[in-house]
Amino acid sequence: MAICTPLNSSTYSSIIPQQNHHDAAVSFARRACWRATSSHRPRRGFTVITCASSDAGTVVIGLAADSGCGKSTFMRRLTSVFGGAAEPPKGGNPDSNTLISDTTTVICLDDYHSLDRTGRKEKGVTALDPKANDFDLMYDQVKALKSGVAVEKPIYNHVTGLLDPAEVIKPPKILVIEGLHPMFDERVRKLLDFSIYLDISNEVKFAWKIQRDMAERGHSLESIKASIEARKPDFDAYIDPQKQYADAVIEVLPTTLIPDDNEGKVLRVRLIMKEGVKFFNPVYLFDEGSTISWIPCGRKLTCSYPGIKFTYGPDTYFGQEVSVLEMDGQFDRLDELIYVESHLSNLSTKFYGEVTQQMLKHADFPGSNNGTGLFQTIVGLKIRDLFEQLVASKAKSPVEAKA
Amino acid sequence: MAAPDQIQSNVEESIKGAEEACAEDPASGECVAAWDEVEELSAAASHARDKQKVSDPLETYCKDNPETDECRTYDN
């Protein structure tokens with residue numbers, strides 16, 4: 001007899017007393033193992049018992065970003081902070097979108113498309129449209145993974161545009177769900193321990209897509225523009241509203257330091273951090289809660305054009321209290337990076353210079369010289385901190401229940 | 001540097017298809033879905049290009065065999 005309920009921190013202390021009367025210590029070890037009972041209504045078939053790899057259950061992170069999954073720079077930085085490189089599952093489908101490292105598994109939400117490329121074309125529906133995605137399956141499987149049960153997840157093959165046979169995903173310590181709709185469905189949203197939205201402004205998106213696509217035969221400025229315009233209504237209707245639910249938003253805008261810059265090379269990046277999120281302490285500059293404007297370049301630090309400008313301060317975002325840290329400009333040298341790091345607080349680093357070290361480790365990644373790389377790295381450290389605090393708090397509560 | 005030929009021709013075809021679909025009715029679902037397909041294929045092409053760039057034979061060998069003599073790293 002085992003109870004099949006989702007494991008989350010609020011139900012912990014209530015679950016333990018209900019387990020076997022025999023041995024509280026034994027039931028503490030056992031509580032992470034669940035049998036999928038018939039009442040659970042498996043969709044595509046669940047594999048039987050697997051225990052969560054850490055006694056604290058799986059921490060689930062949601063990342064919303066436009067077209068692009070798993071292989072993206074943000075994911076690589078994130079998994080690098082936790083240690084180890086994330087690789088596609090060995091010996092499986094070579095077109096799998098999943099990435100697995102020692103601690104982290106990254107799932108691409110495109111795998112929950114209910115319509116493949118042909119199906120979408122027939123129905124005249126984009127991948128952004130909720131009609132093209134199976135949110136029931138997404139919810140069932142994320143819930144299962146969070147409570148320590150392995151799942152058989154479908155694979156959406158981006159090369160062929162077809163839905164391939166399922167692959168087995170075992171519950172990891174940290175599960176990242178990345179894609180277009182991690183925060184769209186309310187039930188899935190409630191499963192997330194932390195959520196991030198990557199908000200690229202239209203001008204920057206256009207500039208990046210030009211850089212990406214101009215090398216392709218067949219593409220022209222007009223076709224790139226037409227593609228963006230055609231997708232915009234669905235994007236604004238279904239994807240953009242998710243940002244109000246995110247615990248952290250990374251907003252990428254064109255720089256204000258160079259007048260009329262439309263190349264999108266120098267960027268102004270804002271890290272919008274929600275206040276009052278459990279285990280998440282926003283990064284701040286100099287004095288928490290005050291408003292700061294800071295140009296580090298001067299007597300102690302020489303920067304080259306166009307320099308660096310930081311602002312920090314409290315704000316409201318969709319009616320919620322937030323703190324916003326903003327960087328406009330570029331890093332040119334290592335010492336600029338370490339100088340900036342030494343003036344930021346609440347970074348959740350384990351040693352002085354960890355942010356700089358992480359940035360250097362991936363100096364070839366895009367965004368390594370501006371706010372995108374910096375804030376993605378910082379968010380990675382914040383998530384690590386959140387994970388450790390969550391584990392520590394869950395380790396404490398069974399002891400209290402025992403007493 | 002362009003993506004492998006198969007993917008590249010897919011992108012070209014999809015753009016032509018989208019332009020045709022939109023010539024008839026720019027507001028239709030077919031037109032929008034066609035451009036979405038172009039976006040998806042362009043992203044796939046870009047990833048394929050990136051994959052091509054990163055194939056250093058030593059790197060790929062060492063990913064699977066980190067304990068061999070050629071691949072050992074000494075961090076301290």
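Buried area is the accessible area, taken with a 1.4 Å probe, that two parts lose on being put together, summed over both. In this predicted model, the area buried between chain B and chain A comes to about 2500 Å², with carbon and sulfur atoms giving 52%. Local features need pLDDT of at least 70 and side-chain atom pairs count only at pLDDT 80 or more, while totals for chains, interfaces and linings use all residues. Residues are numbered from 1 along each chain as its sequence is written, chains are lettered from A in the order in which they are written, and side-chain values use heavy atoms, leaving out hydrogens and water.

On to who touches whom: 27 residues of chain B are in contact (heavy atoms within 4.5 Å) with 27 residues of chain A. Six salt bridges, each a side-chain nitrogen of Lys or Arg within 4 Å of a carboxyl oxygen of Asp or Glu, are counted between chain B and chain A. One of them links B:Glu39 to A:Arg212, with the closest N and O atoms 3.2 Å apart. On the side of chain B that touches chain A, helices H1 (5-24), H2 (29-53) and H3 (57-64) of chain B each give two or more residues; helices here are DSSP runs (H or I) of at least four residues, and strands (E) of at least two, numbered from the N terminus. H2(B) supplies the largest share, 18 residues.

Five bridges join S7(A) to strand S8 (residues 248-254) of chain A, and the two run parallel. A:Asp199 has A:Glu251 in S8(A) as its bridge partner.

Notes:
Pairing = 2+ DSSP bridges.
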